[in-house]
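Colleague: I am new to reading protein models, and I would like to go through one with you, feature by feature. Could we start with the whole and then move to single residues?

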Amino acid sequence: MTTYKLLWVDDEIELLKAHILFLEKKGYQVETVTNGYDALDRCAEEAFDLILLDENMPGLSGLETLTRVKELLPATPVVMVTKSEEEHIMEQAIGAKIADYLIKPVNPTQILLTLKKNIQQKEIVTEHTQSNYQQDFSRLGMQINDASSIEEWKEVYKKITYWELQLSETESGMQEMLSMQRREANAEFAKFIRKNYMRWMEKPEERPVMSPVIFKRAIFPLLDKGEKVFLIVIDNFRYDQWRVLLNEIADTFTVEENLYCSILPTATQYARNAIFSGLMPNNIAKMFPSLWVDEDSEEGKNLNEEPLVRTQLERYRRKNTFSYHKINHSNAAEKFVQQIAQLQKNDLNVVVINFIDMLSHARTESLMVRELASNEAAYRSITQSWLRHSAVSDLFRSLAAHDCTVVLTTDHGSIRCYNPIKVIGDRNTNTNLRYKLGKNLSYNPKEVFEIKDPLRAGLPSPNLSTTYIFAMQDDFFAYPNNYSYYVQYYKDTFQHGGISMEEMLIPLITLRGRKR
């Protein structure tokens, strides 16, 4: 059992012997001094887990001692103990970043509670979270085995994400067990998609909410009510990242949270164009050939988003005014924030934000970024830091203050890939690591989800014999040529295009400002 070392500073320490004995029986080691100068000497010589500091002492006052203790031991929690309930003293102590504030006379239980809260909280939370996950482990396993609808799979994914976020804040050894359970869930989810995807494509009435109906289901009903809508599409935005960002904006918005299912491939060219056009990719290519860009083209794959939005509004005979904006850096975000009042004259404003997609690519290409985002928790943390410290934070605050409705979504998520799968293609085969299309692909059909008739799946078919294949779980495609180098370079990178809960089950959030 860990022994925690306390320093108790009080000029009437003799009167506190009963309290000290109580704490020592609870396993704490308590050292005492009677004035601020002695406290500073002890802090200069030794580290303590927590300091109990009397506010009213002769000589060096408690507040003066607090300031100088913080210089010596900035990370050590200090609990101020005082007879005074004067507001200005409390404010000074809080301003100096005390951990807690106790009013005399204190009782042993109060002291014990503040000790547990300030120096044992992580240990207690870890134990409690670990115990709760262990109790939920079997239930979650049954949910995974029994899931037979997209709604049930959403609940599985939400539950796994919940435990991932909970355990990542502790020092629990259960994270590896949860990772195994997530891999098991993704294996079953891939079976579910393989079983149902083609039926969904052939029978639209049986589909869940998917990319082509986002405007019809989530945007048009709001416009029909006369609401001014800002549609924010954050590229490559996963559900766990949304849950972290929610902590940053929950106090300024009321939140309606949903998930929807991306089409395949889970890639911008297909999924985002399907959102903006309201069409499956093959219909975009057929109806608007000038707006569809083939895989082998050097042209950017997402340059025609504004005209695609226009085609959808025209197809539904809607007269709504709209604007389209792409934000690739903070300067663009700052300029957009300055325009919000003016943009409210439009019925709809579409905003694409590319930071997270840029982060995932940078993590692949830069060793330093890979170190900074070394695991899922670090990847989420960078996302949270980006929102908190970039102009996008100002964007959300400004939208919360205006009379508008924000729909926040994405085109697809991404998954951290570990397992290479060999595939052979000709020089015209696309470069994506999670899906391939071509006419001469060689692969193990048991390791992939293959679509040999792309038109039935709503996908363009550049050649009569074009086949699409999709990686599942945490697999990625690797060519036999220079195989070892290729695998080493791309292993443990975030990729998208294939089949996983992280890529396909993605946020669709409606936000309304609390103060508008």
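## Reading the model step by step

Modeller: Taken as a whole, the protein has a secondary structure of 20 helices and 18 strands. Please keep in mind throughout that this is a predicted model.

Colleague: What box do the C-alpha atoms of the protein fill along the principal axes, and what percentage of the residues count as buried?

Modeller: The C-alpha atoms fill a box of roughly 90 × 55 × 40 Å when the principal axes are used. Of the 516 residues, 54% count as buried, where buried means under 20% relative accessible area. The protein exposes about 24,000 Å², and carbon and sulfur atoms supply 49% of that area.

Colleague: Among contacts between residues at least 6 apart in sequence, what percentage join residues at least 24 apart? And how many positive and negative side chains are there?

Modeller: For the contacts, the figure is 74%. As for charge, there are 61 positive and 70 negative side chains, and the centres of these two sets lie 8 Å apart.

Colleague: Now to pairs of helices: at what angle do helix H11 and helix H13 pack?

Modeller: Two values describe such a pair, an angle and a distance between axes. Helix H11, residues 268–277, packs against helix H13, residues 305–315, at an angle of about 40°, and their axes are 7 Å apart. From H11 the residues in contact are Thr268, Arg272, Asn273, Ile275, Phe276 and Ser277, and they meet Glu305, Leu308, Val309, Gln312 and Arg315 of H13. Sorted by class, this contact has four nonpolar, four polar and three charged residues.

Colleague: Could we look at one residue of that contact? Is Phe276 buried or exposed?

Modeller: Phe276, which has its place in helix H11, has a relative accessible area of 0% and is therefore buried. Leaving aside residues up to four places away in sequence, Phe276 touches Phe215, Leu231, Val233, Glu305, Leu308, Val309, Gln312, Tyr324, Val350 and Val352. Distance along the chain and distance in space can be read side by side: Phe276 and Glu306 are 30 residues apart in sequence, and their C-alpha atoms are 7.9 Å apart in space.

Colleague: What are the two separations, in sequence and in space, for Glu365 and Tyr489?

Modeller: Glu365 and Tyr489 are 124 residues apart in sequence and 8.6 Å apart from C-alpha to C-alpha. Glu365 lies in helix H15, residues 355–365, and because its relative accessible area is 60%, Glu365 is exposed.

Colleague: Which residues does Cys417 touch, not counting those up to four places away in sequence?

Modeller: Cys417 is found in strand E11, residues 415–417, and is buried, since its relative accessible area is 0%. Cys417 touches Arg434, Asp474, Asp475, Phe476, Tyr490, Lys491, Asp492, Thr493 and Gln495, with residues up to four places away left out of the list. Its C-alpha atom and that of Val125, 292 residues away along the chain, are separated by 30 Å.

Colleague: Why does Gln473 count as partly exposed, and why does Asp492 count as buried?

Modeller: Gln473 counts as partly exposed because its relative accessibility is 27%, whereas Asp492 counts as buried because its value is 19%. The cut-off for buried is under 20%.

Colleague: And where are cis peptide bonds found, for instance at Pro105 and Pro265?

Modeller: The bond from Lys104 to Pro105 is cis, with omega near -5°, and Pro105 lies in the loop between strand E5 (100–103) and helix H5 (108–119). Another cis bond joins Leu264 and Pro265, with omega about -5°, and Pro265 is in the loop between strand E7 (253–261) and H11.

Note on methods:
Residues are numbered from 1 along each chain as its sequence is written. This is a predicted model: local features need pLDDT of at least 70, side-chain atom pairs count only at pLDDT 80 or more; totals for chains, interfaces and linings use all residues. Side-chain values use heavy atoms; hydrogens and water are left out. Helices (H or I, at least four residues) and strands (E, at least two) are DSSP runs, numbered from the N terminus. Buried means under 20% relative accessible area, exposed over 50%, partly exposed in between (1.4 Å probe, protein chains only). Contact means heavy atoms within 4.5 Å. Accessible areas come from the Shrake-Rupley method with a 1.4 Å probe; for residues, only the protein chains shown count as cover. Lys and Arg count as positive and Asp and Glu as negative; His and the chain ends are not counted. The place of a charge is taken as NZ of Lys, CZ of Arg, CG of Asp or CD of Glu. Axes are lines fitted to C-alpha atoms, for helices over the stretch in contact, and angles run from 0 to 180 degrees between N-to-C directions. Ala, Val, Leu, Ile, Met, Phe, Trp, Tyr, Cys and Pro count as nonpolar, Asp, Glu, Lys and Arg as charged, and the others, Gly among them, as polar.
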